[in-house]
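Student: I have a structure to go through with you. Can we take it one term at a time?

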Amino acid sequence: MSEHRIKKLVVVGGGTAGWITAAAFSRLLGSAIEIELVESETIGTVGVGEATIPQIIRLNKILGLDENDFVKNTFGTFKLGIEFVDWANKGDRYLHTFGDAGVNLASVHFHHYWRRAAMSGTANTLWHYSLHELAAQEVKFSQLDRVGNTQMTGLAYAYHFDAGLYARYLRSYSEAKGVVRHEGIVQSVDRNAESGDIESITLEDGNSIEGDFFIDCTGFRALLLGQSMGVGYRDWSQWLPCDRALAVPSERLSPLPPYTRATARTAGWQWRIPLQHRTGNGHVYSSNFIEDDQATEMLLQNLEGDALDDPRPLRFRTGRRERFWAHNCVAIGLSSGFLEPLESTSIHLIQSNVSRLISLFPRDRVHAADREEYNRRTAIEFEQIRDFLILHYHQTQREDTEFWKYCKNMDVPDTLTHKIDLFKASGRIGRDVDDLFRDASWAQVMLGQGILPDDYNPMADKLNDDQLTAFLSDIRTIIEKAVAGLPTHDQYIAANCAAD
Ligand SMILES: Cc1cc2nc3c(=O)[nH]c(=O)nc-3n(C[C@H](O)[C@H](O)[C@H](O)COP(=O)(O)OP(=O)(O)OC[C@H]3O[C@@H](n4cnc5c(N)ncnc54)[C@H](O)[C@@H]3O)c2cc1C
């Protein structure tokens, strides 16, 4: 065996990114390498990031977590999608659900059948045929893999949870698997003068931690990859102009909605995340278009229930690192970039980057080709998610404030323009094969933001008019029956995973 073998991994940072990284590495490579993690309670974590997307279920399965135990210990709730309020026009709403609306037939996406019926004036909205929409309206939730004995898939879901409790939960998990945690503030990053590789980090108390490979999970500071190695940042604020947020908890909602809400405001938007013990709220806004005190007032005036604390300010710059892996260091989490929280994609990016890194992790020394492959694939993933987020801002009819005028009229990446043009022309989705968002997601957000396709896939003409009417009305009947049989979200939690 080579004497260069990578024996020790050092994770710097103990927020969501640090502990997901430590948990996954200890589970999948724990017998092959030693893992140490450094974090500082004095510095703390960003402490937000409480809404997720369904891919997190895969992470939980890999880690072998029991869902009920996980939800109970993080005071979690279930999430069927995100409700967008006032985005295309004031007064509008739509749910970006995690599942398909209707059912695809003969390889043709349901929205083509729906569009055909809508063009002849015989259909309701797309969401009339969505199991998720009806369950959300009736505040219901349960595990449901399939709808009765039909071909319709059941409820796809994710979680809301308390970010602090989530990090603590993964910390216990990781420590039980042998991860060694150090408390302390990193004072210097010590690099080999010749190779540029990181050899160790030194803490304020003088303690030095050596390693063969380093993961930078230090949040927006990007202490290793950004500050020490000087890897630059690609700024995307011309497309994603929000740069500040205020986060504040308020009283628990009753009943508990099984979805996140994102309400457009005059210069940004406000989130509402229901948890078992409180509601997470935040106002994400652009400091070019609104003053901080106005933003605070707007947030506090729009809470449902009393605030339980003072609003906490956060600053960020949307974009990504030029490279994610340099020398023997990879940035994961906020240190690698931030695309703003509109579609709850940050925790997913942590998870997918950890999984990509594990699949390319070097055995004895870093190969430039592995590193470039990691950087290439991660850049593509960031760009695909970026385009999906821009769609929400740009595709609006709102021009009632300077912020919305800017968003509506800004130039967007060509990759997104192509997708919008394609959908507008024929309802087709120009989705890349490895895009995180499925066709159903692109279709819902395009339609929700007011793009109506001029045409539909001709294969949807295979049904005659009567068959199409029956197809649509059968779907609605099946959905209503399925939702009638579901418990409420509160009942489901009480029976399975209520927090103490
Ligand atoms: C307003 C807002 C809302 C968000 N909402 C969502 C959401 O709904 N869903 C979602 O998926 N994501 C969301 N995110 C993103 C999410 O919060 C982060 O992706 C996630 O928390 C990971 O953060 P992190 O671990 O990278 O950084 P942090 O939480 O900032 O952790 C950094 C760690 O590094 C340590 N550290 C830093 N410097 C040093 C040092 N010198 N010495 C020692 N330790 C150090 C800190 O102590 C800490 O442990 C949101 C982000 C923001 C800003």
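Student: Where is Pro255 found?

Tutor: Pro255 sits in the loop between strand E13 (244-250) and strand E14 (260-265). Helices (H or I, at least four residues) and strands (E, at least two) are DSSP runs, numbered from the N terminus. The peptide bond from Ser254 to Pro255 is cis, with omega near -5°. A word on the source: this is a predicted model, where local features need pLDDT of at least 70, side-chain atom pairs count only at pLDDT 80 or more, and totals for chains, interfaces and linings use all residues. Residues are numbered from 1 along each chain as its sequence is written.

Student: Why does Ser107 count as exposed?

Tutor: Count C-beta atoms, placed from the backbone: a residue is buried if 20 or more others lie within 10 Å of its own, exposed if 12 or fewer, and partly exposed in between. Ser107 has 7 C-beta neighbours inside 10 Å, so Ser107 counts as exposed. Its place is the loop between E5 and H4. Phi of Ser107 is near 65°, a positive value in a residue other than glycine.

Student: What makes Ala222 buried?

Tutor: Ala222 has 23 C-beta neighbours inside 10 Å, so Ala222 counts as buried. Ala222 also has a positive phi, about 45°, although it is not a glycine. Ala222 lies in the loop between strand E11 (213-216) and helix H7 (223-228).

Student: Why is helix H13 called largely enclosed?

Tutor: Nine of the ten residues of H13 (residues 439-448) are buried, so the rest of the structure largely encloses this helix. Among the buried ones are Trp442, Met446 and Leu447. Their cover includes strand E4 (81-85), strand E5 (93-97), helix H4 (110-119), H10 and helix H12 (414-426). Just after H13, Gly450 takes a positive phi of about 95°.

Student: Which residues touch the most other members of the largest nonpolar core?

Tutor: Val11, Val12 and Leu224 do, out of 143 residues in that core. A nonpolar core is a set of buried Ala, Val, Leu, Ile, Met, Phe, Trp, Tyr and Cys residues joined through C-beta atoms within 7 Å. Helix H10 (residues 368-394) gives the most to this core, with eight residues.

Student: Which residues is Val12 in contact with, leaving aside neighbours within four places in sequence?

Tutor: Contact means C-beta atoms, placed from the backbone, within 7 Å. The partners of Val12 include Val38, Val186, Ile201, Phe214 and Leu224.

Conventions: Two residues are in contact if their C-beta atoms, placed from the backbone, lie within 7 Å.
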